[in-house]
Amino acid sequence: MTVTTARVTPAGQIERLRADRKQSADRAWIVEMIVVVNAALIGGMWIRHGGVDAARAPGGIATAAGQLTGLLGTYAVLLELLLMGRLPWLERHAGLDRLAIWHRWTGTLAVTLLVAHTILVTAGYAAADRLSLWAQTRDFVSNYADVLMAFVALGLLLVIGVTSARAARRRLNRETWYFVHLYAYLAVALGFAHQLAVGNDFVGDPIARVWWVTLYLAVIAILVIWRVVMPWRFNARHRLKVKSVVHEAPGVVTINIAGRGLKAIRAEPGQFFIWRFMTRGGWWKAHPFSLSAAPTATSLRITVKDLGDTTHELQSIRRGTPVLAEGPFGAFTAHRRIRRAALFIAGGIGITPIRAMLDTVPRDARCTLLYRVNRDEDIVFAKELDDMATRNGVEVHYLVGTDIGDDESDQLGAPAIARLVPDVRERDCFVCGPPALIDAVRRRLRALGVPDASVNFERFEF
């Protein structure tokens, strides 16, 4: 298979990569400042619209606090949507996995603030009208359509929040989780209608109204462009389809995907796409799979392990099946390297993005691969990895066995890593595999003195 090495990391590019990292960090700082400044503006507008003065009336403290939490909660919901808007620069800087984590944190904050908003405003109005909380709630629901919409929106966000909890995600397949989260858009629409009807920022202040509408329109535009228009354009241009299927190991297949003008995609080894295979039962199922080889001008390659559901169906996917894709995504690439030497650690099918990244390894680089599997037959790409060891001097260690020990006794424990890679502190480290393996390896590398900034990883959790 012909691979491209146009984006390798020779010694002369190390300083440029460091400069790129610094520039990316500077841009991130600017974005953080914009987020903070807009939050401060919300607080300022709340004061301008009488938030402090309202606290002096009966029930006013609760009502005023409820108004502020409502404004901040709405802002957090917009940030939550923005984080998953797949903005190219933001995604390249952080990686889709980290954006997903930030998205979850922001979502938790948003739901917390909006629940507080509902309770505080209801308590404030109840105190002012001398009603019980239940009577005030019934009054809101029965006599104020916009408030009823807000209750529905909050209920939808609570359902989304519950299904986002780690325990719930383990019990849901990705498609169910995805369709539940689509209701976030309905929740935003209902919340916006509520804000239009009774929000102080809309009722009496044209400047604040323009500011809020601009925020909503900006987020909507980003979502439409990067979640709808660009994927449609991508697939209309490249017209992907299954070229061939190769069985690599028990329950593991490599799918070669052909298309037009693939050089223009500029995908990096280590990145992933979100794929839809247009079969009768699979067209509506989207899953992230990493490239398992450096992309070429005519084909992309992924390798899929049978984990049930869609991955089981893909074991027998037919040649010529049309494919829809979104991407490329991910910051888990050779551009993260700032040192000449590198250590790659893979667990199970986590070898796929690392296998692709190894296509970019210069011949004179010091690179070591530690590949952990349960059984010999679980090793994927054995011939290709052995060829790389011979051709490019990659040092490959297959760590076979199910004996998972502690940080000291495990085959990927700190002593084992130190023995196999004595200069580990001087290397950039790339880790991919199950979440538990990633967490354990990061902990062990830290114990060996490897800086966190030198440890690169990517999770594939929805």
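Where does Gly43 lie?

**View 1. Gly43 and its place in helix 1.** Gly43 lies in helix 1 (residues 14-48). Helices here are DSSP runs of H or I with at least four residues, strands are runs of E with at least two, and both are numbered from the N terminus. Gly43 is buried, at a relative accessible area of 19%. Buried means under 20% relative accessible area, exposed means over 50%, and partly exposed is in between (1.4 Å probe, protein chains only). Leu68 is 25 residues from Gly43 along the chain, and their C-alpha atoms are separated by 7.2 Å.

**View 2. The whole protein.** This is a predicted model, in which local features need pLDDT of at least 70 and side-chain atom pairs count only at pLDDT 80 or more, while totals for chains, interfaces and linings use all residues. Residues are numbered from 1 along each chain as its sequence is written, and side-chain values use heavy atoms, with hydrogens and water left out. The protein has 17 helices and eleven strands. Of its 462 residues, 48% are buried. Among contacts with a separation of 6 or more, 72% come from residues 24 or more positions apart. Contact means heavy atoms within 4.5 Å.

View 3. Two strands pair if DSSP finds at least two bridges between them. Angles run from 0 to 180 degrees between N-to-C directions, and axes are lines fitted to C-alpha atoms, for helices over the stretch in contact.

**View 4. Strand 6 and its surroundings.** Strand 3 (residues 272-277) and strand 6 (residues 322-329) run antiparallel and are joined by five bridges. Arg276 has Leu324 in strand 6 as its bridge partner. Pro328 also belongs to this view, as it lies in strand 6. A cis peptide bond joins Gly327 and Pro328, with omega about 0 degrees.

View 5. How many of the residues of strand 8 are buried? Seven of the seven residues in strand 8 (residues 367-373) are buried, so the strand is largely enclosed by the rest of the structure. Cys367, Leu369, Tyr371 and Val373 point one way. Thr368, Leu370 and Arg372 point the other way. Strand 7 (residues 342-347) pairs with strand 8 in the parallel sense over six bridges. Leu343 stands opposite Thr368 of strand 8. Strand 9 (residues 395-400) also runs parallel to strand 8, again with six bridges. There, Val373 stands opposite Val400.

**View 6. Helix 15 in a β-α-β unit.** Strand 8, helix 15 and strand 9 make a right-handed β-α-β unit. A crossover is right-handed if, with the strands pointing away from the viewer, the path from the first strand over the helix to the second runs clockwise. Helix 14 (residues 351-358) packs with helix 15 (residues 382-391) at an angle of about 35 degrees. Their axes are 11 Å apart. Ile351, Arg355 and Leu358 in helix 14 meet Glu384, Leu385 and Met388 in helix 15. By class, this contact has four nonpolar, no polar and two charged residues.

**View 7. Two loop residues with positive phi.** Arg239 sits in the loop between helix 12 and strand 1. Phi of Arg239 is near 45 degrees, a positive value in a residue other than glycine. Arg239 counts as exposed, at 54% relative accessibility. Phe381 is in the loop between strand 8 and helix 15. Phe381 is not a glycine, yet its phi is positive, about 70 degrees. Phe381 counts as buried, at 3% relative accessibility.

**View 8. Ser454 and the residues it touches.** Ser454 is in the loop between helix 17 (435-447) and strand 11 (455-457). Ser454 is buried, with a relative accessible area of 4%. Not counting residues up to four places away in sequence, Ser454 touches Arg339, Arg427, Asp428 and Cys429.

Note on methods. Nonpolar A, V, L, I, M, F, W, Y, C, P; charged D, E, K, R; others polar.
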